[in-house]
Amino acid sequence: MDQGRGEWPMRAWLLTFIGILAGALFGLITQDSGPEALSDTVLGTFVVAAFIALALSLERLRWTWAVAASLAIGAVLALVTWNSAYLVDSDLAYGWTPVSAVVAALVILPLFQTIRDEGALRLPPRRVHAHVWADFVIGAVGVLFVGIVLLLAVLIDQFLQLVGIGVIGELWETDWFGYALAGGAFGAVAARLRDRANLLATLLTVKFAVLAVLAPILAVAIGVFLVALPFGGLARFWTSTGSSTAILLACALLGIWLMNAVIGSERSFGWGARALRAAALVLALAILPLAMIGAAGLWVRVDALGLTPVRLWGAITIMVVLAWGAAYLWSVLRARRLDEDALFLANVRLAVAVAVLALLLAVPIVDFGAISTRSQMARLQAGTVSVADFDWRALADDFGPAGRQALARTARQGTPDERAAARYALSPATVVPPPQAAHMRMMTVLPAGANVPPALLQHIRNGWTCTDGPCTLAILAQDIAVLRSLTSDGMNVQTDVLVRDADDGWVAEGGGLITRLAQEAMTPGAREDAVAYQGQVEVRSVRRRQVFIAGEPIGQPFE
């Protein structure tokens, strides 16, 4: 065992005390925080981030380095929190910057721990790998232990209240007690696991055993997917669901994780098993094809719909996965086998690159909202998308200050239709776009020319109907309408009766009627006929038989 690492009895007391103090401070700082109390949120972020980093990294060896690194990580996350919250909480253009900062911190921490152990700027791949998995296990066990401690505290409180002792209950009503308890529990368990090297090694062995079992399952699923791909084609991935790229990336990232779990186990633990070696090899080779398919899907959507902040973040993720997949493929081809040393080295080099990239993306250097705004406005000005089909609401809500500034310019300088749409999107009370907007363009209203109440349009928008296919809305009376639309899978037609409620809003009456489409009706040309009404749509008065007691109806009509 390295000198200065391993058992350190004082660490448990230090981290427990610091955890209690950090939790109490967090509770007191954020007790009245809200959108107007930004400084409290920033300070609370600093306290929590610095404590977690210290709990995971504190060793007697060069302990001052761990303190300095933890304070630096807390400061960076606090600054990112300030920058993100200073803009607009709901902006998708900036909502991922805190995630990027957290990713950077999670990657930097094991790199720092390795440098601390070495006492110099050296990163032995196996030691980095060991720190990554140890931090993961300690963090997971710490969260579980915190939950157990909090539940135990609640149980003890309820137990003592049976004899009239309510001290713990009174503490629960304060703003700091629960956080202090959680911080102390996390610090204590993190320290005990570091002090008990044998226990930590056992937990790592269990973790490797569980994940190693999952690796062959995912490898088989990915293998089946890639084998079936030439027969099914790629077109359905771009038309069936907008989340196809996200699903592919999730499988690729999970594959990276599970493959590293297999090669991270000791040679004496299952590494010689052919099934595990084959699964790890399949996963290593499959990362790049999955990332390339995801990149193609994203390219298709960007070409058709332009850039958005979410798509730019997706492109960054794809670039990272492509780099990992290419590095793994090169390592396997060069060694003509699954060379774990080469894979470890590739992981470390890519981790350093990802840490730098994540830090750059977490600070306001690159404005994804501005880039996306220029892309969308260029499409509008070039006539690629019409004024009616342009998503004005997204420009106001999801593209940050750049999007709202573009809307303000359009409201002053655009064509009459553009000015009207931009003013509507900038209105604080806007809930749904005008009737002619993109998500309503395939709606057929009966009778032709009938006025559709704005509240009814809002109800349809909130239900995300009439967005992926044609629909038909029949206005039967001032307070009754019938909507026929395709379900999200495009394989069924749903018919809903919509009625106006007492608050002048609209609600669906009953559960609706779902009709399965015939196979020949699933083509785009037949979908309009599928949602059209066959025969007259009308409201009829009917007689019913029902039990009444003292003039009040009881139960459901039975005839």
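Residues count as buried under 20% relative accessible area, as exposed over 50%, and as partly exposed in between, with a 1.4 Å probe and protein chains only. By this scale, Asp397 is partly exposed, because its relative accessible area is 30%. Asp397 is found in helix H15 (residues 392–397), where helices (H or I, at least four residues) and strands (E, at least two) are DSSP runs numbered from the N terminus. The C-alpha atom of Asp397 is separated by 8.9 Å from that of Ala425, 28 residues apart along the chain.

The model is predicted: local features need pLDDT of at least 70, side-chain atom pairs count only at pLDDT 80 or more, and totals for chains, interfaces and linings use all residues. Residues are numbered from 1 along each chain as its sequence is written, and side-chain values use heavy atoms, with hydrogens and water left out.

Turning to the overall fold, the secondary structure of the protein comes to 19 helices and 7 strands. Of its 559 residues, 43% count as buried. Contact means heavy atoms within 4.5 Å. Among contacts between residues at least 6 apart in sequence, 66% join residues at least 24 apart.

The helix pairs come next. Axes here are lines fitted to C-alpha atoms, for helices over the stretch in contact, and angles run from 0 to 180 degrees between N-to-C directions. Helix H11 (residues 274–305) packs with helix H12 (residues 309–335) at an angle of about 150°, their axes lying 8 Å apart. That angle makes H11 roughly antiparallel to H12; angles under 35 degrees count as roughly parallel, over 145 as roughly antiparallel, 65 to 115 as roughly perpendicular and the rest as oblique. The crossing of H11 past H12 is left-handed, a term used if the near helix is turned anticlockwise from the far one by less than a right angle, with right-handed used if clockwise. The contact of H11 with H12 involves 19 nonpolar, 3 polar and 2 charged residues. In this grouping, Ala, Val, Leu, Ile, Met, Phe, Trp, Tyr, Cys and Pro count as nonpolar, Asp, Glu, Lys and Arg as charged, and the others, Gly among them, as polar.

H12 itself has 27 residues and reaches 39 Å from its first C-alpha to its last, close to the 39 Å expected at 1.5 Å a residue; the expected span is 1.5 Å times one less than the number of residues. After H12 comes Arg336, with a positive phi near 60°. Arg336 is found in the loop between H12 and H13 and, at 78% relative accessibility, counts as exposed. A positive phi, near 50°, is also found in Arg62, a residue other than glycine. Arg62 is located in the loop between helix H2 (38–57) and helix H3 (63–86), and its 30% relative accessibility makes it partly exposed.

H4 passes H13 in a left-handed crossing. Residues making the contact include Val103, Val107 and Leu111 of H4 and Val352, Ala355 and Leu359 of H13. By class, the contact of H4 with H13 has 14 nonpolar, 2 polar and no charged residues. Helix H4 (residues 97–118) is also the place of Thr114, a buried residue with a relative accessible area of 0%. Beyond its neighbours within four places in sequence, Thr114 is in contact with Arg122, Leu123, Pro124, Arg127, Val128 and His131.

A further pair is formed by helix H5 (residues 125–161) and helix H10 (residues 244–263), whose axes come within 12 Å and cross at roughly 110°. H5 and H10 are therefore roughly perpendicular to each other. His129, Trp133 and Phe136 of H5 meet Trp257, Asn260 and Ala261 of H10 in this contact, which divides into 4 nonpolar, 2 polar and no charged residues.

Helix H7 (residues 177–195) has 19 residues, and its end C-alpha atoms are 27 Å apart, in agreement with the 27 Å it should span. Because 14 of these 19 residues are buried, H7 is largely enclosed by the rest of the structure. Phe186 has its place in H7 and counts as buried at 10% relative accessibility. Leaving aside neighbours within four places in sequence, Phe186 is in contact with residues including Phe51, Ala55, Gly139 and Val143. The C-alpha atoms of Phe186 and Phe51 are separated by 9.8 Å, although the two residues are 135 apart along the chain.
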